[in-house]
Amino acid sequence: MIHKTLWIVYIGSDDSCLVAMSDIYTHNLGYPRIGEQRELKKATEAYWHGKLSREELEATGQQLRSQNWAKQKAAGVDLIPCNDFSFYDQMLDFSCLIGNVPPRFGWQGGEVDLDVLFSMARGSRGEGQPCASGCSHQPAFACEMTKWFDTNYHYIVPEFRAETKFQLVGDKVFREYQEAVSLGYRVKPVLPGPVTYLSLGKVQDEQNPDFDRFVLLESLLELYEKILQRLAALGVEWVQIDEPIFSLDLSPVQRDALLTAWQRLSQSAPGLNILVTSYFGALQENLSLFLALPVQALHLDVVRGEADLDETLARFPAHKTLSLGVVDGRNIWKNDFSASLTLLQKAQAKLGAARLWVAPSCSLQHAPISLALEPKLDAELKSWMAFADQKLEEVVALSGLLRGTTPPLVLQDNQRAILSRRKSTRIHKPQVKDRVAAVQPEDSQRQSSFAQRRELQQAKLKLPEFPTTTIGSFPQTAEVRSMRAKWKKGEISTEAYEVYLQQEIQHCVAFQDEIGMDMPVHGEFERNDMVEYFGEQLEGFVFTQKGWVQSYGSRYVKPPIIYGDVSRPAAMTVRWSQYAQSLTKRPMKGMLTGPVTILQWSFVRDDQPRSETTRQIALAIRDEVLDLETAGIAAIQVDEPAIREGLPLRQRDWSAYLDWAVESFRLCASGVRDETQIHTHMCYSEFNDIIEAIAAMDADVITIETSRSNMELLEAFVGFKYPNEIGPGVYDIHSPRVPSVEEMVRLMRKAESVIPRSQLWVNPDCGLKTRGWEEVKSSLIHMVQAARQLRVAQPISA
Ligand SMILES: CN1c2c(nc(N)[nH]c2=O)NC[C@@H]1CNc1ccc(C(=O)N[C@@H](CCC(=O)N[C@@H](CCC(=O)N[C@@H](CCC(=O)O)C(=O)O)C(=O)O)C(=O)O)cc1
Ligand SMILES: N[C@@H](CCS)C(=O)O
Ligand SMILES: [Zn+2]
């Protein structure tokens, strides 16, 4: 570990008088909050289940924050983030800080209670005692949740309406700052930027559906002023305000808003230094605007936005500090110090050392915590990697190398590891590369048109109108997870584990038969995760034991790491689907994860184009699809929930991505006979902008998430006249709430008013793995009843 002395002097006992005597060389934008042993998940879920008190939950939060600050300080980071901790999501925290709570949650003013915050995230069944802020715990559907840019993290979407009034009702950011200072840390509070906050929110106003949310900018800025003034009064030295929307295509309204906002905020709290960050992509035409922001420091992600560096240096305003994000916060590969030093030296030559900070490219919340937690990881592969803690060491080492305080040996060691990976024979497999090279256009083409396939599929499957199905997973109960954990630890035999899985499948299939689910599934009990499970069985992948990353709220994923050429040594799912099919006469749907999603939710190779890796995965999945068909599975779902998330942030890059993404899906799905029905599934997606590509995937059936948005997401399919079959989700699986029959009928009637009933399926929004059996049973019984009512209802002409 590399240390640099940090001189901090306290003047008096007043914590507003923390004075830093040294320059800042390194900083961090955000640290994973989940805890090395997933303490945050365990505590939050225990609290939700009434097994942990509020005080105990708060204490866990406090411990995690203090451990995280301690680790960052020990790594030698000069300026450490605070308010990057959250019990659920940082955007939701901000909504609660400023009292932006939708009326349906019954919040009566005052500080937004943590229970109200959790209700906003998870929906409320209307149970429980009224809480401190007077919230009545009335039944309320959850706020929407969506992808944070092109990551696998999901944020809670702020809602805006004409009547929205912002008020500074919370004090989390102030409390966490004071907490850190009282523990002796030099921290900078982190907040979402005003224009990012407005832009990533959504108008939810039945009376004023066309309400322009930017009307709220003025009052939002007043609130930011108050926040900044209060931070200044507390003695805050630096505040970090994240405006990642700079990496998107900006509308004129957003540009104006950014100008207005930053001109105003830069003057609001004299003495407070503001760092505005942008990350996740190059700024390109937004760079001038970014460089013109009248703040003290700007952060650029030069991992994804290296193209901006020369122009930035040529035009960087005097007296401003530049933070360069050279260490990739979104991947797990060791930083190439030589390449990073080239960028840093260029910047130092132009700006001087005092105006240059070294940082990760973005918050490290997207990276697993530490390689130290991975004793079983292959030593050679491990020597090529860096997780969050190692990334901070890299940041500090790079800064030291730049300034001559780190021994050159550190650079040599780093270069040895980079070279070892580059030259390794474990990465390249000629037969995999040859197979990809031999792919022909006809390999991505079904034999006949959808209309012809449909007839054959109808004859084979004999499904009623409004066929019912689910998305694949059924509850991953504590028992299922515990049996898998025991099996992995060798505490139970493979035979015992598999007998157990068979029992779960039997129970699941019997339930679906009993309620009359038209196309059952086996329940995915054998899977830890829809990506990790496949990665575990494919060559070219490696796994961590503790490499968890927050996906949303208390739900985490352990992304597999793709280090080499990908191939499938043996069938992966066939025996489970075949077994499930043996239990029912109804057509069992086989369940696979698609190539783009496997790519998108893994840590990927950075030594070849993503398209190349995806094609390799597509061929492996194609073999599985064909094996399922041979085993008698008549409908196969290839999930591609991440296809939208993989879309480049800039529209100009979309068509190149969509070409290879769609082609990869088709490559894995097109080998089957016409009568085999191919399904795909997507959730968390805005479909409007990619509807043509979705149609080009040519899946026979697509199931999508639509319930939380009240079928709004279906609009894209309507406008485009989507030709194939669609299952718009009627059951929000992110909420414990059981939807009523009437509600589901209403949603489907809405769908039927715009899409012919002959094209419609009835299904939940997504898999049921996060739900409990009790709610799932009631909800699915309601869903099947809803389908029955729809079948006898007077058709609506679409
Ligand atoms: C559909 N989604 C997914 C995304 N990304 C993925 N990679 N996978 C997805 O499914 N992105 C978008 C959405 C996000 N949604 C979700 C939904 C649900 C989860 C989730 O449930 N995550 C689980 C972890 C899943 C897992 O890997 N489980 C393992 C390990 C279980 C475990 O904790 N074991 C314990 C021991 C238990 C015992 O002894 O009793 C342990 O290891 O300590 C498994 O099942 O084997 C979660 O718990 O958060 C994620 C994203
Ligand atoms: N088949 C998966 C898809 C999730 S996006 C599931 O049901 O969990
Ligand atoms: Zn899904």
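Mentor: Strand 17 and strand 18 form a hairpin with two residues between them, and Gly553 in the turn has a positive phi of about 45 degrees. Strands (E, at least two residues) and helices (H or I, at least four) are DSSP runs, numbered from the N terminus. This is a predicted model, in which local features need pLDDT of at least 70, side-chain atom pairs count only at pLDDT 80 or more, and totals for chains, interfaces and linings use all residues. Residues are numbered from 1 along each chain as its sequence is written, while chains are lettered from A and ligands numbered from 1 in the order in which they are written.

Trainee: How many bridges join strand 17 to strand 18?

Mentor: Two strands pair if DSSP finds at least two bridges between them. Here, three bridges join strand 17 (residues 549-552) to strand 18 (residues 555-557), and the two run antiparallel. Gln550 stands opposite Tyr556 in strand 18.

Trainee: Which residue has a positive phi although it is not a glycine?

Mentor: Most residues other than glycine have a negative phi. Phe280 has a positive phi of about 90 degrees, and Lys462 has one of about 50 degrees. Phe280 is found in the loop between strand 12 (273-277) and helix 9 (287-291), whereas Lys462 lies in the loop between helix 16 (450-461) and helix 17 (478-488).

Trainee: Is Phe280 buried or exposed?

Mentor: A residue is buried if 20 or more other C-beta atoms, placed from the backbone, lie within 10 Å of its own, exposed if 12 or fewer, and partly exposed in between. With 24 C-beta neighbours inside 10 Å, Phe280 counts as buried; Lys462, with 10, is exposed.

Trainee: How is the packing of helix 15 and helix 22 described?

Mentor: Two packed helices are described by the angle between their axes and the distance between the axes. Helix 15 (residues 430-437) and helix 22 (residues 610-630) pack at about 90 degrees, with their axes 10 Å apart. Helix 15 is therefore roughly perpendicular (65 to 115 degrees) to helix 22. Val432, Arg435 and Val436 of helix 15 make the contact (C-beta atoms within 7 Å) with Glu612, Arg615, Gln616 and Leu619 of helix 22.

Trainee: Which residues does UniProt list for "binding site"?

Mentor: The unreviewed UniProt entry lists His681, Cys683, Glu705 and Cys766. They span 86 residues in sequence, yet no two of their C-alpha atoms are more than 8.6 Å apart, so they gather at one spot.

Technical notes. Axes fitted to C-alpha atoms, helices over the stretch in contact; angles between N-to-C directions. Parallel < 35°, antiparallel > 145°, perpendicular 65-115°, else oblique. Contact = placed C-beta atoms within 7 Å. UniProt positions renumbered as here; feature names shortened; annotations may be inferred.
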